[in-house]
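Let's take a walk through this model together. Have the structure open as you read, and follow along residue by residue.

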Amino acid sequence: MNIKTDFIKAKKSLGQNFCIDDRIPNEIIKELAPNSDYCVWEIGPGKGALTKRLIETGADIHLFEIDTRMQEILENIVPKENITWGDFLELKQEKLPVSDKPLLICGNLPYYCGTPIIKRFLENGPTPARMVFLLQHEVSLKASVPVNHKEYSYLSVHTALFAKARLGHKYGPASFVPQPKIDSSVLILEPIQMSEEERQKRLKALKYISALFNQRRKMALSTLKKSYPNINWAERFSTLGIDEKARPENISPEQFMELFR
């Protein structure tokens, strides 16, 4: 059955920008590398442009979509029991579907919720083999840059503590309808497999790291001495070879983890 999709206009309230550039699903499929051995979750399938490509790979597919106007379109691509409707960020962990296959996750994420969705997976799981998302370029860049890069931020450290991140290609506004005012780019994440104990250690460290980046122009050592005076931070900096004048953007994720263990 051929269903016309042109009549469905993007909702600004949902941050929708429909992809019209075949290069984007091509890149996502290439980086995700799905096949019949995997279960793929697609978040925000919209009109199903990427979904149709995923089906061709033979992977098990489950969709998460907030816009019920897409119901007829998506149920014509996958069985209705393979679709969860509603806001993904409000979906309780125990309500997520279960599969006996390794998990892959992908999607063209609205700019307003891209970072929270990624943080949810990295902090709470489930832990997939790979995640590939199209995001606002600034977000993808910050999530993937190394220490001492001018865009290195709390998001850079947060991502690095839970995954290996890599920046894909950048796409301009003309790749979408309606055209956004900013560029987008693909972010590839390979989550680090870790014990729950290790995950909790990293989450604990993030509380300190967040406080430092809230005052990113100040020297990290002086901030820590003022905020947590009962710890000998100068000794820790010396042991780890961190310059006493270092600002947060000069400290690597690995050094942060040792600093706050």
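T115, I118, L135, V139, A143, L155, T159 and L187 line the second largest cavity; a cavity here is a set of points on a 1 Å grid over the protein atoms alone where a 1.4 Å probe fits but cannot get out, and lining residues have an atom within 4 Å of a point. Helices α4, α5 (137-144) and α6 each give two or more residues to this lining, helices being DSSP runs (H or I) of at least four residues, and strands (E) of at least two, numbered from the N terminus. The volume is about 30 Å³, taken as the space filled by probe spheres set on the points, which are joined across faces, edges and corners.

Before going on, note that this is a predicted model, in which local features need pLDDT of at least 70, side-chain atom pairs count only at pLDDT 80 or more, and totals for chains, interfaces and linings use all residues. Residues are numbered from 1 along each chain as its sequence is written, and side-chain values use heavy atoms, without hydrogens and water.

Now look at how α4 (residues 114-124) meets α6 (residues 154-162): their axes lie 10 Å apart at an angle of about 35 degrees. Axes are lines fitted to C-alpha atoms, for helices over the stretch in contact, with angles from 0 to 180 degrees between N-to-C directions. T115, K119, L122 and E123 of α4 touch Y154, L155, H158, T159 and F162 of α6, where contact means heavy atoms within 4.5 Å.

The largest cavity holds about 60 Å³ of space, and its lining includes L122 and F162.

Key: 1 Å grid on protein atoms, 1.4 Å probe; cavity = no way out; pocket = protein on both sides within 12 Å on 5 of 7 lines; lining within 4 Å.
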